[in-house]
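Hello,

I am passing a structure on to you, and I hope you enjoy looking through it. Please open it first, then read my notes below.

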Amino acid sequence: MSKKSFKEYVCKPYCVFFKDGEKEELACHGAIISERLVNNKKILPPYVNANHVKKDIRFEVDDDLLRLVCGNCPFEAKDCDFRSNSPPKGSVPCGGYLLLFSLKSKGLLTAEILKEICIEKS
Ligand code: SF4
């Protein structure tokens, strides 16, 4: 996926922070890892593009995602309320986290594959 297409596949449908037409220089690590998983055929585009997993997806704190995905995200230190030391009530993760959590909780993404992809090219 190119940056343009992962914005369409991941950011636009899944991320509450995405604003169409706004130029964002950095991509969050959740979107980058989602792109790598698709490019490496570890997850299939139909799963990414599934209609039942969108912005209202439920989520939980997931240690693998926090460590491997958020831990290498340029937004974690200052710009991500979800990952701040005292998260504001109702703060939510980015779309990449939501997508990866959804796939992981459905058994479509294993911790081993996530680790392999995160370490391989980080
Ligand atoms: S939830 Fe926050 S820190 Fe984690 S990948 Fe998304 S933007 Fe980055």
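This is a predicted model: local features need pLDDT of at least 70, side-chain atom pairs count only at pLDDT 80 or more; totals for chains, interfaces and linings use all residues.

Numbering starts from 1 along each chain as its sequence is written.

**The chain as a whole**

The chain has six helices and zero strands, with helices (H or I, at least four residues) and strands (E, at least two) taken as DSSP runs numbered from the N terminus. Along the sequence the pattern is therefore α-α-α-α-α-α. Of the 122 residues, 34% count as buried. Here a residue is buried if 20 or more other C-beta atoms lie within 10 Å of its own, exposed if 12 or fewer, and partly exposed in between, with C-beta atoms placed from the backbone. Among contacts with a separation of 6 or more, 80% come from residues 24 or more positions apart; a contact needs two C-beta atoms, placed from the backbone, within 7 Å.

**Around the ligand**

The ligand is surrounded by 15 residues, and C70, C73, C80, P93 and C94 are the closest. To count as near, a residue must have its C-beta atom, placed from the backbone, within 6 Å of the molecule. Two or more residues of this shell come from each of α2 (29–39) and α5 (95–105). By type, the shell holds 10 nonpolar, three polar and two charged residues. In this scheme Ala, Val, Leu, Ile, Met, Phe, Trp, Tyr, Cys and Pro are nonpolar, Asp, Glu, Lys and Arg are charged, and the others, Gly among them, are polar.

**The two helices, α2 and α5**

How do α2 and α5 pack? Their axes are 6 Å apart, at an angle of about 50 degrees, which makes α2 oblique to α5. Axes are lines fitted to C-alpha atoms, for helices over the stretch in contact, and angles run from 0 to 180 degrees between N-to-C directions. Under 35 degrees is roughly parallel, over 145 roughly antiparallel, 65 to 115 roughly perpendicular, and the rest oblique.

At the meeting point, H29, G30, A31, I33 and S34 of α2 touch G95, G96, Y97, L99 and L100 of α5. The residues of this contact divide into five nonpolar, five polar and no charged.

Both helices are mostly covered. In α2, nine of the 11 residues are buried, including I32, L37 and V38. In α5, nine of the 11 residues are buried too, among them L98, F101 and L103. Just after α5, G107 takes a positive phi of about 80 degrees.

**Two loop residues**

K41 sits in the loop between α2 and α3 (45–48). Its phi is near 55 degrees, a positive value in a residue other than glycine. Most residues other than glycine have a negative phi. Is K41 buried or exposed? K41 counts as exposed because it has 8 C-beta neighbours inside 10 Å.

P87 lies in the loop between α4 (63–69) and α5. With 13 other C-beta atoms within 10 Å, P87 is partly exposed. Leaving aside residues up to four places away in sequence, P87 touches D81 and F82.

Best wishes
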